[in-house]
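Subject: Structure handover

Dear colleague,

Please find the structure below, followed by notes on what was found in it.

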Amino acid sequence: MKYLEIKIEKSYESVYICLKQKNFSEHFIKNLRSYFGAIMINGKPENISHPLKFGDILKIDRNPFKGTEIEKIYAPLDIIYEDDYYLVINKPSLLPTTPSKSHYHNNLAGMICAYINDSEFTLRIMNRLDKDASGIILVAKDTITYQNTVNIEKEYHAICHGDITRKTVVEAPIYTIIENGINNRKRIISPFGQYAKTTFTPIKHLKDMKYLNFRCKLLKNFRAVLNKIALSEKRNGLSAKRDYSLTLVKAEIFKGRTHQIRLHASSIDHPLIGDKLYGANDLYSHSYLHLKTMKFHNNELNKDFVFSVPHPKDFKNVLKKLR
């Protein structure tokens, strides 16, 4: 499905004016100039300045951009939906979404490009998930689809330290620290940051039996070590008053920012378990954040889409131990 077909219902001085009036971006229009055949009028290739008259059939390349050039990684994808417009994937935890120096040969983006296996394919991931996070990743197969995807709503599930008893709204701007021209990995809450809003709704209250069992064994055998751990907990904000409670929450974001859920949860003293960047020391190897449900609308198709995926195995295993 290479072209978007537009039936012309009035005259235009040029293709350029027609596309501008239909809200196509300057960047997109510029790329239509990049090769012969990106613009077709009544089946014939034309240029951006060609006039249009009533009844003409204008066809434009749905993705007039250079294909994504990253290393292809041939590994299976957990595909939950695919059509001519979208590829929807269930990402496992501990898999980076995009390439980096430390994950150049192991990332979801490279796996997607290998699966599509088209030199003209431009990778357009509609949402990002941290390496530790699992759940839905939405890929638009072309630029037109990307631009027509609106009203995206996401529901995350997370396991947090502490007892969250009621729905909590956090509105706190998130600031990216830049040092020597490089973004600092850790974000902070600052009035100089970008607006961000997160709601946390408790689903289930739990006890961290894994940690309590660990303490019980130490109590029997290593009193001195236990005292050191207690001191470490106090320094890291895990005081006895928490009673080692955990809460499974539903998190919804507005104006999503990098690390938003993790930072906002930590800001209200309920960091995600296993979060080494914004949390406290605990026994979990990684944070437990799962994008469970996604809803969105496609303007071109005038269609709503809803996708939902279950908790992954490692998430379920942790929930089983939290009683």
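**Largest pocket**

The largest pocket has a volume of about 1100 Å³. A pocket here is an open set of points on a 1 Å grid over the protein atoms alone, with protein on both sides within 12 Å along at least five of seven lines, and lining residues have an atom within 4 Å of a point. Grid points are joined across faces, edges and corners, and the volume is the space filled by probe spheres set on the points. The lining of this pocket counts 39 residues, of which Arg128, Leu129, Asp130, Thr258 and His259 are the closest to the centre. Strand E9 (149-161), strand E12 (182-189) and helix H7 (260-267) are the elements that give two or more residues to the lining. Helices (H or I, at least four residues) and strands (E, at least two) are DSSP runs, numbered from the N terminus.

This is a predicted model, in which local features need pLDDT of at least 70 and side-chain atom pairs count only at pLDDT 80 or more, while totals for chains, interfaces and linings use all residues. Residues are numbered from 1 along each chain as its sequence is written, and side-chain values use heavy atoms, with hydrogens and water left out.

**Two residues with positive phi**

His259 lies in the loop between strand E14 (245-254) and H7. Its phi is positive, about 65 degrees, although His259 is not a glycine. His259 counts as buried because its relative accessibility is 11%; buried means under 20% relative accessible area, exposed over 50%, and partly exposed in between (1.4 Å probe, protein chains only). Asn117 also has a positive phi, near 55 degrees, in a residue other than glycine. Asn117 sits in the loop between H3 and strand E7 (124-125).

**Leu108**

Helix H3 (residues 108-116) contains Leu108. Leu108 has a relative accessible area of 1%, so it is buried. Leaving aside neighbours within four places in sequence, its contacts (heavy atoms within 4.5 Å) are Leu77, Ile89, Lys91, Leu95, Pro96, Thr97 and Ile137. For Lys91, 17 residues away along the chain, the C-alpha separation from Leu108 is 7.8 Å.

Two strands pair if DSSP finds at least two bridges between them. E1 and strand E4 (residues 57-61) are joined antiparallel by 5 bridges, and Ile6 has Leu58 in E4 as its bridge partner. Between E2 and E4 there are 3 bridges, again antiparallel; Met40 is partnered with Lys59 in E4. Strand E2 (residues 39-41) is joined to E3 by 2 bridges, also antiparallel, with Lys44 in E3 as the bridge partner of Ile41.

**Cysteines and totals**

There are 0 disulfides (pairs of cysteine sulfur atoms within 2.5 Å). Cys18 is buried, with a relative accessible area of 0%, and Cys160 counts as buried at 0% relative accessibility.

The protein has 8 helices and 16 strands. It has 323 residues, of which 46% count as buried. Among contacts with a separation of 6 or more, 70% are between residues 24 or more positions apart.

Regards

Terms used. 1 Å grid on protein atoms, 1.4 Å probe; cavity = no way out; pocket = protein on both sides within 12 Å on 5 of 7 lines; lining within 4 Å.
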